[in-house]
Amino acid sequence: MNSKDSLQKEVRDKLSKFYIKPNFDLGQHFLMDSEIVKILANEVRPNHVVIEIGSGLGQLTEELAKRADSIISIEIDNRFKPILSQIVQRYPNVEIKYADALKVDLHEYESQNLQIVSSLPYQISEAFMHKLAGLDFDCAILLVGKRLSYAIQAENEEDPSFGQMTILSQTFFDSEVIRIVSKKCFYPQPKTDSAIISLTPKVFDKTNKRDFLLRYLFKDLPKSPLIKNAIKEGLIEFHKINELENLSQNDAREVILVMKLSENLLNKSFQQLNNLEIGSLSKSL
Ligand code: SAH
């Protein structure tokens, strides 16, 4: 039996031994290709702390534990406790947090030695990208759905994959697609292929107006103020922070007029924008 088949058997055996039926609503598609597990784990850099989202059956957790200083693995589903507690016993550098990763405050782990490595549950991948935006860490290695990998690679507004995730990743990260991963590498098989991406936080240049406003738009999510108010406040703040001449509310309105954005768009919140509108907003900023 080759190593691919043996991990495949291990995944199926664990699921049946512990009577676990995969929950699709939680994105439970388990990696059963040892080569992909190794590719992800080998991205761990020396002396790093790793946060993993979605421990699942722990096959990636275990490989991460062999390479990282310490691992904090966050899992929402308590059914994996008996399996994961065995890993914690074998590897004292592993801590499992049973929680919703979207609700965990990651700021307390911020450091230049922090990596995020995860086969990311599909249903939280976009929300998690928002969570990573503005967080201080070394790099994130994420196995994500193919669509998200297309979005982060989209070069301009004409690309059909262009959207909120494109702007978010271009504003906050240098990103790269490391490789495409076939859906056959998971059990149960998801509908689409996946991709391993890496995200490295960009240094924030507060004198770059476009970048500043985009960061400002994302910062206030999910409060979702109207675009016109968010840009107005962002412009005023930009002048303040860069010690430029004070901008009044009226001045800011004038600047927005020059941007020639439609009334309709300005009166929506960022989250209500469709990809076309996000494209025109990105162009005019
Ligand atoms: N890392 C494992 C499991 C991937 S499946 C592997 O590579 O096989 C995705 C995992 O994320 C599941 O275990 C699922 O229960 C977990 N998960 C889903 N939503 C989550 C959330 N909001 N917070 C933490 N874990 C979550």
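## Strands 2 and 5

Strand 2 (residues 49–53) and strand 5 (residues 114–119) pair in the parallel sense, over three bridges. Strands are DSSP runs of E with at least two residues, helices are runs of H or I with at least four, and both are numbered from the N terminus. Two strands pair if DSSP finds at least two bridges between them. Ile 51 has Ile 116 of strand 5 as its bridge partner.

This is a predicted model, in which local features need pLDDT of at least 70 and side-chain atom pairs count only at pLDDT 80 or more, while totals for chains, interfaces and linings use all residues. Residues are numbered from 1 along each chain as its sequence is written.

## Around the ligand

The shell around the ligand holds 23 residues, and those that come nearest are Phe 30, Gly 54, Gly 56, Ala 101 and Pro 121. A residue is near a molecule if its C-beta atom, placed from the backbone, lies within 6 Å of it. At least two shell residues come from each of strand 1 (30–31), helix 3 (59–67) and strand 3 (70–75).

## Phe 128

Phe 128 sits in helix 5 (residues 125–132). Phe 128 counts as buried because 22 C-beta neighbours lie inside 10 Å; the cut-off for buried is 20 or more other C-beta atoms within 10 Å. The C-alpha atoms of Phe 128 and Thr 166 are separated by 14 Å, and the two residues are 38 residues apart along the chain.

Key: A residue is buried if 20 or more other C-beta atoms lie within 10 Å of its own, exposed if 12 or fewer, and partly exposed in between; C-beta atoms are placed from the backbone.
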